[in-house]
Amino acid sequence: MTIKLSREIINHSLHEHVSSTDYSFESEAVVTDSASLVKICEVLKSAPGIELDYLSSVTAVDYPDYFEVVYLFYSIKHNHSLTLKVRCPDKQQPDIPSITPLYNGANYQEREIYDLFGISFVSHPKLRRIFLWEGYPGHPLRKDYGIGS
Amino acid sequence: MEVRIEPCYPEIDAHESRVIEDLKSSSTQPIAEPSGWLDEEINRNILVTTVDKLLNWGRKTSLWTETSFTACCTFEFISTSSSRFDIARFGMEVLRSSPRHSDLIVTAGTLTWKMAPQIKRVYDQMAEPKWVIAMGACGISGGIFADSYSVVPGYNRILPVDVYIPGCPPRPEALLAGIEKLRKKIEQSSISNKS
């Protein structure tokens, strides 16, 4: 079984690089905002003893007040995992920095989220729709998208 | 001493002599080769039919299928085509990956609008005559995804469907019944009018 990283280890690794006000813990997940996302990912990917070298999945949730993008990381070397959530309160034009330059596996999944939720990933190398076609109206997985329209 | 042999039955000998002389005089020419037996052989070995019947027989007994395996009905189709249900009985065991070799497209699965242009292109590349079987609820009407933003509500939006097979998915028996229906349809077609 994969072990969830404890808060102490995460705090210990992050405190030199990221202000403690920039992230918080909810249940077993780390929650942050779009400004600190790339920095946190860089630290967690390279910090000794953590080394989250494998990005398993990226997905998104549409809450009434914000969009949330969820990253699930694993370390194959140390056999532990971490869930990272990024909240984007701007529901009109949501944008979040892309982590594709760090984790190449995020490429298509960020495109999928862009396609179905309409969240822009800034500095993504090729941000185009992946399931639907160019010119499709709207983003079907948003809660305000009409069903059967 | 001279021995003289008396004829014992002179009438019988005379009768025999007459029979032989008659036969000889009536048999101066060889009997002509009888040609009637040839007609009989021809009647036994040559069938007379119509062009329509011959063509339809050829078409319905070697329906080669284009693989259009877009979703889960595929597995019922695979089951139908392998040993247990064995559509080789109908000359259909050859599944083609090239539309140029195919007569029939079985739409085994849900079709999305993103995939639809490719399916239409494959159908357009198939040589005439060609037939379409819409297999399963999604093939008929989009099934449970009929209201979805991304699913084609029935293959008949893009292809002319010949036979509809309901089911989610249809069992192999249902697919065989549909194939049987298509064979009957082909039997009734004519070169002057496809359907």
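How many bridges pair strand 3 of chain A with strand 6 of chain A, and in which sense do they run? I began my notebook there, and I note at once that this is a predicted model.

**Entry 1: strand 6 of chain A and its partners**

I found that strand 3 (residues 29–33) and strand 6 of chain A pair in the parallel sense, over five bridges.

Strand 5 of chain A was my next stop. It runs antiparallel to strand 6 of chain A, and nine bridges join the two. One residue to look at is Val69(A), whose bridge partner in strand 6 of chain A is Val86(A). I followed the chain from strand 5 to strand 6 of chain A and saw a hairpin, with four residues between the strands. In that turn, Asn79(A) has a positive phi of about 55°.

**Entry 2: the nonpolar cores**

Which residues have the most contacts inside the largest nonpolar core? I listed Leu44(A), Val69(A), Phe73(A), Leu82(A), Ile96(A), Ile113(A) and Ile119(A), in a core of 32 residues. Among the elements that give two or more residues to this core are helix 1 (7–14), helix 2 (37–46) and strand 4 (54–62) of chain A. Helix 3 of chain A gives the most, with five residues.

I then picked out Ile96(A). Setting aside its neighbours within four places in sequence, I found Ile96(A) in contact with Ser34(A), Leu37(A), Val69(A), Val86(A), Cys88(A), Ile119(A) and Phe121(A).

In chain B I traced an open sheet of five strands, in the order 2-1-3-4-5, with parallel pairing. Strand 2 (95–96) and strand 5 (163–165) of chain B stand at the edges with a single partner strand each, so one side of each has no neighbour in the sheet.

I checked one pair inside the sheet: strand 1 (residues 65–68) and strand 3 (residues 104–108) of chain B are parallel and share four bridges. The bridge partner of Glu66(B) in strand 3 of chain B is Ile105(B).

**Entry 3: two helices on the strands**

Helix 4 of chain B lies across strand 2, strand 3 and strand 4 (131–135) of chain B, at about 130° to strand 3 of chain B. Helix 7 of chain B lies across strand 4 and strand 5 of chain B, at about 170° to strand 5 of chain B.

How do these helices meet, and at what angle? I read that helix 4 (residues 73–81) and helix 7 (residues 172–187) of chain B pack at about 75°, with their axes 9 Å apart. That makes helix 4 of chain B roughly perpendicular to helix 7 of chain B. Glu76(B), Phe77(B), Ser79(B) and Thr80(B) make the contact from helix 4 of chain B, and Pro172(B), Leu175(B) and Leu176(B) from helix 7 of chain B. By class, I have four nonpolar, two polar and one charged residue in this contact.

**Entry 4: where the chains touch**

Last, I looked between the chains: four residues of chain B are in contact with six residues of chain A. The side of chain B that touches chain A has one nonpolar, one polar and two charged residues.

Terms used
Residues are numbered from 1 along each chain as its sequence is written. Chains are lettered from A and ligands numbered from 1 in the order in which they are written. This is a predicted model: local features need pLDDT of at least 70, side-chain atom pairs count only at pLDDT 80 or more; totals for chains, interfaces and linings use all residues. Axes are lines fitted to C-alpha atoms, for helices over the stretch in contact, and angles run from 0 to 180 degrees between N-to-C directions. Angles under 35 degrees count as roughly parallel, over 145 as roughly antiparallel, 65 to 115 as roughly perpendicular and the rest as oblique. Two residues are in contact if their C-beta atoms, placed from the backbone, lie within 7 Å. Ala, Val, Leu, Ile, Met, Phe, Trp, Tyr, Cys and Pro count as nonpolar, Asp, Glu, Lys and Arg as charged, and the others, Gly among them, as polar. A nonpolar core is a set of buried Ala, Val, Leu, Ile, Met, Phe, Trp, Tyr and Cys residues joined through C-beta atoms within 7 Å. A residue is buried if 20 or more other C-beta atoms lie within 10 Å of its own, exposed if 12 or fewer, and partly exposed in between; C-beta atoms are placed from the backbone. Two strands pair if DSSP finds at least two bridges between them.
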